Amino acid sequence: MNALPGMPWDLPWPFERSYMQLALLAGIVVGATAPLIGVFVVQKGMSLVGDGLGHVAVAGIGAALLLGTSPTWTAMVFAIVAALVIEWLRVRGSATGDLALALVFYGGIAGGVVLASRSATNTNLAPYLFGSILTATANDVWTVIVLGAVIVLAVAVAGRAMLAVVLDEDAARVSGVPAGALNTLLAVLTAVTVVAAMRIVGVLLVAALMVLPVATSRLAARSFRGTMFGAVGVGVASAVLGLAAARQWALAAGGTIVLVATALFAIASALAGVRKASTHAGSLVAGPH
Amino acid sequence: MLNSREAAEPAPVVLATDGVSFSYGSSGSYGREPVLSDVSIAVRAGEFAALAGPNGSGKSTLLRIVLGLLAPDSGSVTLFGERPGQLRERWRIGYVPQRPRIAPDLPATVEEVVAAGRLAKQGWWRRSRAADREAVDHAIESVALTQSRRRRLAELSGGEQQRAIIAKALSAEPELLVLDEPTAGVDVESQRLFRDSLVHLVREHRTTVLLVSHELGAVADDLDHLVVLKGRVVFDGTPGELAVSLGVHRDDLPLWLEDLQS
């Protein structure tokens, strides 16, 4: 099945064809949900954990190719187990030197390559490493939508409590907020996000969609809530503009989406710099003579 | 002034340690020095209590044990008559930790940070109700940050940030407020506001306060109960009793307490 009911919908260029509409749906869901998790991950100082979990997801895909199981769900199991191991190492204070994380991450991608090389099928890992959104099927898109709904629901229910834990884990723990369970939830949601974004931008670029929109939004937003919604807006805009650019110039869609997110961050940084300079100049003019 | 009934029946104990000992590092480590030895204290409801002692005397460690963040090697702790891990109504405890790390790029506003403290009482999964919003407003007002409520916490001065963190602890309307070096490195105005807030809480709301601070001199006149710690309890009584035992004038006690911390 390569289309959803009623496709192609009546959308303007470049989204007039069914395959572009499937890509648009998946891109919007991932563009919205990756920063939704990213805003907590970035504030926790674990910006690159999505990248690492992506590496481990590769091992899951390699195992799926070898065993003939679903790449998405096998990668999900691998990523969730890795997320839980990383959280356990963090709580024990063993992951401070990055060495334990590096072992998990690089062991993951090396395992994926080796497992895939042993698989009987002639499948390569490239679509998972770099994304293949333009070949997404309706089933792929449904999977992304369901995973995205899980993430949105979890953040809607537990987002404020996750903020309390990010602000001060000890104080949250003392006051009865279940910090351990919420940290575990965030780790699992990060793994879910990585797998949801796997077909869109690829596991090597997934962390970019979790981090860059948050970094961009934080330059302008005046609150945590504003940062979160701003990051979702930037993520969605990156996906839509990236897909349009990929169609126009026949570029790799995943990489283009991330390049658009990078460009939006550069523009926001420049604007923030101009605003800061003008505010500073204004305060000098208005200052005591 | 206590009435005759209160005088006859002392207020219930809200926090107690019994023979608590603690060392950092694994048991059997070479050179493992005990941080706390056989520490027994009791803080009663409505008291303004303080822990004093020089650096490394185990004050912060004792607080972390009392709050259930560390497990003692031996001895026991009770909070409101329960073991720390078994107390279900955790909102009854407000905790202001030592030097909370505020990331310079934290986008959260004062209001969002204070509201995060209210989750303990409202239930972390529930939406805020009118009473919750009122409690958050009141906590912000009590530390004189109403004008800054929509500003990012990271933009405020160190003193204002600390007041916001105290408001966060107050927003759950705790019965016991535990503060670890809350005014370390903050400006004089914030210290004065902080002192007034604590006195107001104890006298008007009958909140029990346990304070560890290097600036105890500022609140020495307001304390009901003082424990001096040097790995073990070397004094446990009222500030007046301490002055008598030291043979110093009551008015000189704040100065003596400042010296004790260094």
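In the predicted model, helix 2 (residues 49-67) of chain A packs against helix 8 (residues 179-201) of chain A at an angle of about 65 degrees, and the two axes lie 9 Å apart. The crossing of helix 2 of chain A with helix 8 of chain A is right-handed. Helix 2 of chain A contributes A:Val49, A:Gly50, A:Leu53, A:Gly54 and A:Ala57 to the contact. From helix 8 of chain A come A:Thr190, A:Ala191, A:Thr193, A:Val194, A:Val195 and A:Met198. By class, the residues of this contact comprise 7 nonpolar, 4 polar and no charged.

Helix 8 of chain A also packs with helix 3 (residues 71-92) of chain A. Their axes come within 8 Å and cross at roughly 145 degrees. This crossing, too, is right-handed. On the side of helix 3 of chain A, the contact is made by A:Thr72, A:Ala75, A:Met76, A:Ala79, A:Ile80, A:Ala83, A:Leu84, A:Ile86 and A:Glu87. Residues of helix 8 of chain A in the contact include A:Asn183, A:Ala187, A:Ala191, A:Val195 and A:Met198. The contact of helix 3 of chain A with helix 8 of chain A divides into 14 nonpolar, 4 polar and 1 charged residues.

A:Ala79 links these elements. Neighbours within four places in sequence aside, A:Ala79 is in contact with A:Leu53, A:Val56, A:Ala57, A:Gly60, A:Ala191, A:Val194 and A:Val195. A:Ala79 is also listed among the residues with the most contacts inside the largest nonpolar core, together with A:Ala26, A:Ala57, A:Val195 and A:Leu209. That core has 176 residues. Helix 1 (residues 18-43) of chain A gives the most to this core, with 16 residues. In soluble globular proteins, nonpolar side chains tend to be buried together.

Chain A meets chain B through 23 residues, which are in contact with 23 residues of chain B. On the side of chain A, helix 6 (138-167), helix 7 (169-174) and helix 10 (224-249) each supply at least two residues. Helix 6 of chain A gives the most, with 7 residues. The side of chain A that touches chain B has 11 nonpolar, 5 polar and 7 charged residues.

Chain B contains an open sheet of 6 strands in the order 5-6-7-3-8-9, with mixed pairing. Strand 5 (93-96) and strand 9 (233-237) of chain B stand at its edges. Each has a single partner strand, so one side of each is left without a neighbour in the sheet. From one strand to the next, the twist averages 10 degrees. Strand 5 of chain B pairs with strand 6 (residues 176-180) of chain B in the parallel sense over 4 bridges. Within this pair, B:Ile93 has B:Leu176 of strand 6 as its bridge partner.

Two helices of chain B pack on this sheet. Helix 5 (residues 158-170) of chain B touches strand 5 and strand 6 of chain B, and its direction makes about 165 degrees with that of strand 5 of chain B. Helix 6 (residues 188-205) of chain B touches strand 3 (48-52), strand 6 and strand 7 (208-212) of chain B. The direction of helix 6 of chain B makes about 150 degrees with that of strand 7 of chain B.

Another open sheet in chain B is formed by 3 strands in the order 2-1-4, with antiparallel pairing. Strand 1 (residues 13-23) of chain B is joined to strand 4 of chain B by 5 bridges, and the two run antiparallel. B:Ser21 has B:Ser74, in strand 4 of chain B, as its bridge partner. Helix 2 (residues 59-66) of chain B lies across strand 1, strand 2 and strand 4 of chain B. This helix runs at about 120 degrees to strand 1 of chain B.

B:Ser40 lies in strand 2 of chain B. B:Ser40 counts as partly exposed because it has 15 C-beta neighbours inside 10 Å. B:Ser40 and B:Ala16 are 24 residues apart in sequence, but 7.1 Å apart in space, C-alpha to C-alpha. Not counting residues up to four places away in sequence, B:Ser40 touches B:Thr17, B:Asp18, B:Gly19 and B:Val233.

Methods:
Residues numbered from 1 in each chain as written. Chains lettered and ligands numbered in written order. Predicted model: local features only at pLDDT ≥ 70, side-chain atom pairs only at ≥ 80, totals over all residues. Pairing = 2+ DSSP bridges. Contact = placed C-beta atoms within 7 Å. Axes fitted to C-alpha atoms, helices over the stretch in contact; angles between N-to-C directions. Left-handed = near helix turned anticlockwise from the far one by under 90°. Nonpolar A, V, L, I, M, F, W, Y, C, P; charged D, E, K, R; others polar. Core = buried A, V, L, I, M, F, W, Y, C linked by C-beta atoms within 7 Å. Buried ≥ 20, exposed ≤ 12 C-beta atoms within 10 Å, placed from the backbone.
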